[in-house]
Amino acid sequence: GGGGGTTRHSVRVDAFPIGIDPDRFRRALDAAEVKGRVLELQRQYAGVSVLLGVDRVDYIKGIPHKLLAMETLLETHPQYVGRVVLLQIAVPTRTDVPEYQKLRAAAHELVGRING
């Protein structure tokens with residue numbers, strides 16, 4: 001405050017990791033439905049290198065940049081067309097916010113352009 005006195009503030013800094021429960025995911029691998037889906041994906045992408053992205057639809061996650069990088073890779077190295085795929089899982093967030101709707105639309109437009 002004013003009056004020449006000293007004001008003391010306390011600040012606390014700590015790490016709060018955000019992530020997944022790895023044990024839960026390991027246990028899920030034992031489920032018949034998951035095993036079936038894994039086999040399906042292995043067949044679908046046999047002989048192909050898969051780049052996997054799992055992100056929230058968020059401006060700071062850089063999904064459009066990732067898509068543009070994939071497009072650049074395929075344009076500059078056409079030998080990778082059909083041999084490398086980007087499988088992007090984008091978890092929707094704040095679907096009611098217009099900026100996020102625009103981001104989603106932009107990502108879909110880029111995917112369409114890349115896939116031809």
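So, reading along the sequence, the chain goes α-α-β-α-β-α. That's four helices and two strands, where helices (H or I, at least four residues) and strands (E, at least two) are DSSP runs, numbered from the N terminus. Keep in mind that this is a predicted model: local features need pLDDT of at least 70, side-chain atom pairs count only at pLDDT 80 or more, and totals for chains, interfaces and linings use all residues. Residues are numbered from 1 along each chain as its sequence is written, and side-chain values use heavy atoms, with hydrogens and water left out.

Two numbers for the whole chain. Of its 116 residues, 16% are buried; buried means under 20% relative accessible area, exposed over 50%, and partly exposed in between, with a 1.4 Å probe and protein chains only. And if you take contacts with a separation of 6 or more, 70% of them link residues 24 or more positions apart, a contact being heavy atoms within 4.5 Å.

Okay, helix H3. Its buried residues are Ile63, Pro64, Leu67, Met70, Glu71 and Leu74. Looking down the axis of H3, these fall within an arc of 120°, so they line one face of the helix; the arc is taken over the directions from the helix axis to the C-beta atoms. Why would spaced-out positions share a face? An α-helix has 3.6 residues a turn, so residues three or four places apart point the same way. Over on the other side of H3, His65 and Thr76 are exposed. As for length, H3 has 14 residues, 63–76, and its end C-alpha atoms sit 20 Å apart, which agrees with the 20 Å it should span at 1.5 Å a residue. That expected span is 1.5 Å times one less than the number of residues.

What do the buried residues of H3 pack against? Strand S1 (49–56), strand S2 (84–91) and helix H4 (98–115).

The residue I'd point you to in H3 is glutamate 71. It counts as buried because its relative accessibility is 13%. Leaving out residues up to four places away in sequence, glutamate 71 touches Arg113 and Ile114.

Now H4. The buried residues here are Tyr100, Leu103, Ala107 and Leu110. They cover an arc of only 80° around the axis, which puts them on the same side of H4, and they pack against H3. The face turned away from that buried side carries exposed Lys102, His108 and Glu109. Just after H4, glycine 116 takes a positive phi of about 75°.

The largest pocket holds about 570 Å³ of space. Of the 21 residues lining it, the closest to its centre are Leu67, Leu86, Gln88, Val111 and Asn115. For the method: on a 1 Å grid over the protein atoms alone, a pocket is an open set of points where a 1.4 Å probe fits, with protein on both sides within 12 Å along at least five of seven lines, and lining residues have an atom within 4 Å of a point. Grid points are joined across faces, edges and corners, and the volume is the space filled by probe spheres set on them.

Which helix gives the largest share of that lining? H4, with seven residues. By type, the lining of the largest pocket is 16 nonpolar, four polar and one charged. Here Ala, Val, Leu, Ile, Met, Phe, Trp, Tyr, Cys and Pro count as nonpolar, Asp, Glu, Lys and Arg as charged, and the others, Gly among them, as polar.
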